[in-house]
Amino acid sequence: MSNTDFSRFTKHVVQYFWDPPARNEDDADIWCLGRRYDSRYLDARQSKVISTSPSAQSDSDASPADSAVVTVDPQKPEETAENGRDDLANSRATLSVSEEEALGWPADFLDDMEARIWLSYRSGFPPIARSNDPSVSSAMSFSTKLRNLGAQGGFTSDTGWGCMIRSGQSLLANSLALLQLGRDWRVGQREQEHMELLSLFADTPEAPFSIHKFVEHGAQACGKHPGEWFGPSATARSLQALTDKYPLANLRVYARPDDSDVYAESVLATATQKHPDDVFEPTLIVLGVRLGIDRITPVYHAALKAALAMPQSVGIAGGRPSSSHYFTGYQGEQFFYLDPHTTRPALLPSTSSSAEAEAGQQKGLSGEDVRTCHTRRVRRLRITEMDPSMLLGFLVRSREEFEEWRRGVEGVVGKAIVHVHEREPRYATGVERAGAVDEVETWDDGTEGEGEGEEEEDGEGDES
């Protein structure tokens with residue numbers, strides 16, 4: 001084993017023990033984007049029978065690759081790298097089927113989590129020019145300034161500042177996956193369509209939902225410049241603007257960047273505005289909410305869980321203060337998430353010839369690129385550790401689905417976090433309605449104690 005291979009393997013071993021895989025030791029049901037999985041997997045291990053709710057069944061034509069045993073020989077880490085699995089801490093390659101069983105997670109749930117698109121920090125992409133505004137530098141974190149000290153040509157990585165953008169990309173990518181591939185799609189199926197979808201998020205100025213496009217709109221319309229951390233509001237505005245500019249996505253976006261007041265009349269107008277026959281087209285509802293002062297107020301806990309349990313849910317972009325994640329489900333008080341704080345090589349579509357390159361024609365991503373956008377690794381965060389500012393996402397594909405979602409949010413237990421009204425009041429000016437701030441409950445230390453959370457991943461919990 002070479003020194004480089006040994007160093008890589010040692011790093012993986014240390015990371016494995018510092019941030020060990022999460023175990024399923026809870027009897028509570030497991031939820032992932034509106035689907036319920038029976039957590040009583042340990043009882044069924046001997047017979048290999050996994051109990052899930054009827055709505056959680058996967059396609060009957062699931063790829064055999066989804067259930068294959070995958071192991072890694074520690075003496076041959078170069079084979080792992082050749083397979084695009086150099087990050088053992090986040091890769092499916094760390095767990096064989098027997099190891100998954102030992103951790104107690106239902107295989108169907110892991111297949112579902114693996115099918116979620118995971119977009120993270122990237123490096124080596126075409127430069128994003130720095131802002132000429134001298135005040136922009138003061139808004140950057142010290143670590144971001146340090147990392148890009150000699151990068152006079154612009155930012156070629158979003159490490160340290162792009163996590164909210166990546167979480168927003170993940171929310172949008174999974175919305176498009178539900179539309180184009182279906183809820184029962186799993187990794188290994190319809191590979192060409194899967195690759196084409198991911199190409200929309202490639203790290204190039206040409207890709208419609210690239211980080212370049214997010215930063216460009218942020219600078220033009222949101223007062224956010226390259227190197228600055230996006231918040232939920234800027235992310236919601238960017239999602240709406242970029243989707244409007246790319247009609248081939250066949251997706252409308254209804255955004256309330258600064259509150260959770262939804263107006264049915266406006267949703268219907270958004271969903272039908274580009275169709276001559278007023279046909280309701282798929283619409284992504286994104287709501288920027290704040291559910292407390294410095295942490296989520298307990299009266300909102302039940303409603304936040306209910307949001308992820310709704311069949312229209314496409315997840316939540318949020319996380320720790322200035323450190324965003326993409327949340328996809330929960331079990332008890334723990335919320336499952338995909339963590340963007342892992343830097344990987346840029347997603348760069350290849351070109352088949354110099355002539356096509358000059359014409360801007362791209363072939364697509366490689367299989368190795370695709371593998372970096374999925375993981376079977378389960379990560380979770382206790383709800384008491386989550387930042388109260390977040391972006392909620394819901395996908396409705398018809399008037400009937402919208403009405404079903406409306407009934408669902410109006411019938412949640414506890415303090416509601418989404419308010420649906422028939423039409424906007426005359427005083428509406430694009431800011432939150434009068435009295436909305438007064439509805440935010442304050443934290444009561446006597447209501448619920450703080451939970452014991454996990455350690456910060458990759459030592460980056462203090463920055464985006």
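Analyst: The questions below concern a predicted model.

User: What span does helix α10 reach from its first C-alpha to its last?

Analyst: Helix α10 runs over residues 232–244 and has 13 residues. At 1.5 Å a residue, 18 Å is expected. The span in the model is close to that, at 18 Å.

User: What covers the buried residues of α10?

Analyst: The buried residues of α10 include Pro 232, Ala 236, Leu 239 and Leu 242. Both helices and strands are part of the cover. It includes α7, α9, β5, β7 and β13.

User: Are α7 and α10 parallel, perpendicular or oblique to each other?

Analyst: Two packed helices are described by the angle between their axes and the distance between the axes. The axes of α7 and α10 come within 10 Å and cross at roughly 45°. The crossing is right-handed. Roughly parallel would need an angle under 35 degrees, and roughly perpendicular 65 to 115, so α7 and α10 are oblique.

User: Which residues of α10 meet α7?

Analyst: On the α7 side, the residues are Met 164, Gly 168 and Leu 172. Their partners in α10 are Pro 232, Thr 235, Leu 239 and Thr 243.

User: Which element gives the largest share of the largest nonpolar core?

Analyst: This core has 62 residues. Phe 209 and Leu 176 are among those that touch the most other members. Phe 209 is also in contact with Leu 176, and with Leu 242 and Thr 243. The largest share of the core is eight residues, and it comes from α7.

Note on methods. Residues are numbered from 1 along each chain as its sequence is written. This is a predicted model: local features need pLDDT of at least 70, side-chain atom pairs count only at pLDDT 80 or more; totals for chains, interfaces and linings use all residues. Side-chain values use heavy atoms; hydrogens and water are left out. Helices (H or I, at least four residues) and strands (E, at least two) are DSSP runs, numbered from the N terminus. The expected span of a helix is 1.5 Å times one less than its number of residues. Buried means under 20% relative accessible area, exposed over 50%, partly exposed in between (1.4 Å probe, protein chains only). Contact means heavy atoms within 4.5 Å. A nonpolar core is a set of buried Ala, Val, Leu, Ile, Met, Phe, Trp, Tyr and Cys residues joined through side-chain atoms within 4.5 Å. Axes are lines fitted to C-alpha atoms, for helices over the stretch in contact, and angles run from 0 to 180 degrees between N-to-C directions. Angles under 35 degrees count as roughly parallel, over 145 as roughly antiparallel, 65 to 115 as roughly perpendicular and the rest as oblique. A crossing is left-handed if the near helix is turned anticlockwise from the far one by less than a right angle, and right-handed if clockwise. Lists of a residue's contacts leave out its neighbours within four places in sequence.
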